[in-house]
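Subject: Structure for you to look at

Hello,

Here is the structure I said I would pass on. My notes on the ligand and its surroundings follow below.

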Amino acid sequence: NHDIYVLGIETSCDETAAAVVKNGTEILSNIVASQMESHKRFGGVVPEIASRHHVEQITLVIEEAMRKADVSFQQLSAIAVTQGPGLVGALLIGVNAAKALAFAHGLPLVGVHHIAGHIYANRLVTEMKFPLLSLVVSGGHTELVYMEGHGKFQVIGETRDDAAGEAYDKVARALNLPYPGGPHIDRLAQEGKVTIDLPRAWLEEGSYDFSFSGLKSAVLNTLHNANQRGEIIDPKDMAASFQASVIDVLVTKTVNAAKEYNVRQVLLAGGVAANRGLRAELERKMAELDHIELVIPPLSLCTDNAAMIAAAGTVLFAQGKLADMALNADPSLEL
Ligand code: KG4
Ligand code: ZN
């Protein structure tokens with residue numbers, strides 16, 4: 001029997017997750033325990049609270065993933081765990097759980113980069129065709145990653161300040177919307193009109209880097225100045241104008257890079273991939289390039305989960321890139 005079964009574990013931020021994936025493509029179980037409610041009243045993820053929740057949940061979540069998948073530890077080929085980047089105290093819970101289980105059951109251990117996981121969520125949807133380009137947009141990351149083959153990541157652009165999701169959450173906070181604000185801005189933007197002129201950070205000619213802090217400041221200043229003058233800005237229009245600026249830059253740079261690097265596929269990844277405006281605009285622009293396939297995973301695979309970690313871990317396992325008991329959490333791990 002040559003089937004590969006990998007248990008994936010993810011605890012880099014505020015979701016405690018475990019999943020079993022067969023052959024890197026088929027989800028047998030995918031359990032996510034979200035801590036969102038605990039962090040909401042603080043307006044963001046509180047690292048200490050995150051760690052404590054992970055400790056409470058990790059064993060239960062792994063047990064449930066194994067039970068749902070109906071595989072035994074003896075049947076597993078390897079255990080894959082998010083090594084970084086992320087909150088160090090949160091990462092440590094997953095890494096130590098993975099090491100303990102690998103040791104107890106004599107299984108190979110694989111350390112996975114969180115962004116590699118987000119990209120490999122796409123392999124749970126369809127076959128990956130190289131060379132490809134992935135736009136990774138989440139609360140912690142905004143990256144354009146070029147891949148020539150499995151496990152070969154080349155970051156061709158990244159944010160120089162705030163991540164896209166971070167900008168959404170900060171603007172949402174300024175509009176008095178609850179955390180996380182991305183989905184709320186998305187909803188308001190659908191109802192509003194683009195009436196406010198906001199900057200787009202194109203950076204140097206040909207650069208695939210991003211910058212969202214100037215845009216965020218422009219939104220805050222516009223709201224502040226209007227407030228001073230006793231004027232009222234419709235939050236719907238501000239949401240629509242902000243979102244138009246973010247999407248314009250994300251989609252334009254992605255399409256330009258896809259052309260320059262002559263890729264076969266463009267993959268969308270990360271929590272912000274849930275954004276309806278982004279999905280629609282990327283679909284519209286990519287349709288003009290009929291030879292490049294666009295892949296957008298379902299929402300449940302875009303936000304943090306462990307199936308994506310198991311999928312990426314399966315490739316690393318197959319390539320013999322194993323970790324040992326010295327594996328440690330690395331909050332600023334490079335892709
Ligand atoms: O990938 P993710 O679940 O966690 C990280 O690894 O960061 O991404 C969470 C981020 C948050 O900033 C959230 O506001 C944003 O994704 N987000 C959205 C939408 N849904 C989630 N941003 C814009 N539009 C959405 N519909
Ligand atoms: Zn993530």
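Apart from neighbours within four places in sequence, V137 makes contact with T142, A164, G165, L250, G270, V272 and A273. Please bear in mind that this is a predicted model.

V137 itself is part of strand 6, which covers residues 132-137. Is V137 buried or exposed? V137 counts as buried because it has 30 C-beta neighbours inside 10 Å, and the cut-off for buried is 20 or more.

G140 sits in the loop that runs between strand 6 and strand 7 (142-147). G140 is buried too, because 21 other C-beta atoms lie within 10 Å, against that cut-off of 20 or more.

On to the ligand. Which residues come nearest to ligand 1? There are 19 residues around ligand 1, and S138, G139, G165, G182 and G271 come nearest. Helix 5 (164-174) and helix 6 (182-191) are the elements that give two or more residues to this shell.

By class, the shell around ligand 1 consists of 10 polar, 6 nonpolar and 3 charged residues. Domain 1 (5-120 + 302-318) and domain 2 (130-296) each supply at least three residues to the shell.

Regards

Terms used
Residues numbered from 1 in each chain as written. Chains lettered and ligands numbered in written order. Predicted model: local features only at pLDDT ≥ 70, side-chain atom pairs only at ≥ 80, totals over all residues. Near = placed C-beta within 6 Å. Helix = DSSP H or I, 4+ residues; strand = E, 2+ residues; numbered from the N terminus. Nonpolar A, V, L, I, M, F, W, Y, C, P; charged D, E, K, R; others polar. Domains from an automatic or database assignment. Buried ≥ 20, exposed ≤ 12 C-beta atoms within 10 Å, placed from the backbone. Contact = placed C-beta atoms within 7 Å.
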